[in-house]
Amino acid sequence: MQSPLPVRDGVNATRLRLPDEGPWDTAMDYMMHRWGHIDPQGIEDRFDAGEIVGEAGVPLDRTTPLRNHTFIWYYRTLPPELRIPVELNILHQDEHLLVVDKPHFLPTTPGGTYIQESALVRLRNQLDLPDLIPMHRLDRMTAGILLLSTNPQTRGKYQVLFEKRQVQKEYECVSAAVPAHGHPAVDFPVVVRNRMTKSRSYLLAEVIDGEPNAETRIERLRTFAGPVPGTPAPATPAAGIPGNDGTAGRRALYRLEPHSGKTHQLRVHMASLGLGIVNDAFYPELLDKAPDDYSKPLQLLARGIRFVDPITGKPVEYRSGLELSEAL
């Protein structure tokens, strides 16, 4: 359902569904029930100013009956946010698409404590593109290629590509060169298939029994010397893992090609092999929540994306210009 209120300061108006029945006579009564403990005067002021609207943009006032509207829209009061010290790089822009390199730590879309400090809101304000919409999402901790639609008239053509899995994505990550203790050796390239679902106990994903719904092809690109988190550095390099220069190494750079798009799929699949991604605070072990350490980004990068452009009919590919800090 399209909002009757325009984007303001890069942020969409909030939509609220009103209940069909209840002990509230007016829409304002219900909003007071929901949020009156936070800012009762602010709610009254918004109704008085006509800043809360229903279908077709009809302003509501203090006396508007609850039953008159199913949905109402309003602008949230946005709390101040500290700027995340990272920058977006624009790689391509035309009348249909915007392609950017999203840095680590910056969320793709507004949510939780990150509203203005999201890639979408930053770009809407920077480029004066209120209709900008992401075609897919990257986790806040994942960096790399992000596609956004600049044109509502052609947006559906690109959305179909993602829905029909006609978009090929390529990622890179840094992990240990050999699996953690207790995990069998891996013969690369390998395809990991399993069934994933969101955990009920925390905002994580987990593997369960059942028909596979997640698939990733994993290839080891090169190995190199480097410490594995949680283990002391040996006096000599680990033996038996040839690197590009013929020396042994303790870390490796991997290419990941997902053939599905489950939440945290790549992180879970690497961890399932005993190859948890460097600086991953979720997998294979959930660490205590701590402030972001900008010197230790998750070593996961959306390296490239390719598809047949539905407007031109020609194959296109976009590649990230970023590099994983632990692979340099």
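**Aromatic rings and enclosed space**

Let me start with one aromatic cluster, formed by Tyr 158, Phe 307 and Tyr 318. This is a predicted model, so a word on thresholds: local features need pLDDT of at least 70, side-chain atom pairs count only at pLDDT 80 or more, and totals for chains, interfaces and linings use all residues. Residues are numbered from 1 along each chain as its sequence is written, and side-chain values use heavy atoms, with hydrogens and water left out.

How many aromatic pairs does a search of the whole structure find? The search gives 8. Rings of Phe, Tyr and Trp (its six-membered ring) pair if their centres lie within 6.5 Å; planes under 30 degrees apart count as stacked, over 60 as edge-to-face and the rest as tilted. Trp 24 and Tyr 30 are edge-to-face, because their planes stand at 75 degrees, with the ring centres 5.0 Å apart. Both Trp 24 and Tyr 30 are buried, where buried means under 20% relative accessible area, exposed over 50% and partly exposed in between (1.4 Å probe, protein chains only).

Phe 307 and Tyr 318 make a tilted pair, 6.4 Å centre to centre and 45 degrees between the planes. Phe 307 is in strand β12 (residues 300-308) and Tyr 318 in strand β13 (residues 315-319), so this pair ties together parts 11 residues apart in sequence. Helices (H or I, at least four residues) and strands (E, at least two) are DSSP runs, numbered from the N terminus. Phe 307 and Tyr 318 are both buried.

Next, charges over rings, which require NZ of Lys or CZ of Arg within 6 Å of the ring centre and within 35 degrees of the ring normal. Arg 8 lies over the face of Tyr 75, 3.8 Å from the ring centre. Arg 15 has its charged end over the ring of Phe 71, at 4.5 Å from the centre.

Now the backbone. The bond from Phe 188 to Pro 189 is a cis peptide, with omega near -5 degrees, and Pro 189 sits in the loop between β7 (168-176) and β8 (190-198). Tyr 283 and Pro 284 are also joined by a cis peptide bond, with omega about 0 degrees; Pro 284 is in the loop between α5 (265-272) and β12.

Which residue other than glycine has phi near 60 degrees? That is His 264, found in the loop between β11 (251-258) and α5. His 264 is buried, at 11% relative accessible area. Ala 56, not a glycine either, has a positive phi of about 65 degrees, but it counts as exposed at 79% relative accessibility.

Last, the space inside. On a 1 Å grid over the protein atoms alone, a cavity is a set of points where a 1.4 Å probe fits but cannot get out, and a pocket is an open set with protein on both sides within 12 Å along at least five of seven lines; lining residues have an atom within 4 Å of a point. Grid points are joined across faces, edges and corners, and a volume is the space filled by probe spheres set on the points.

The largest cavity has a volume of about 40 Å³. Its lining includes His 136, Lys 169 and Glu 170, and β7 and β12 each supply at least two lining residues. The second largest pocket holds about 430 Å³. Among its 16 lining residues, Gln 2, Ser 3, Val 7, Asn 12 and Asp 131 are the closest to its centre.
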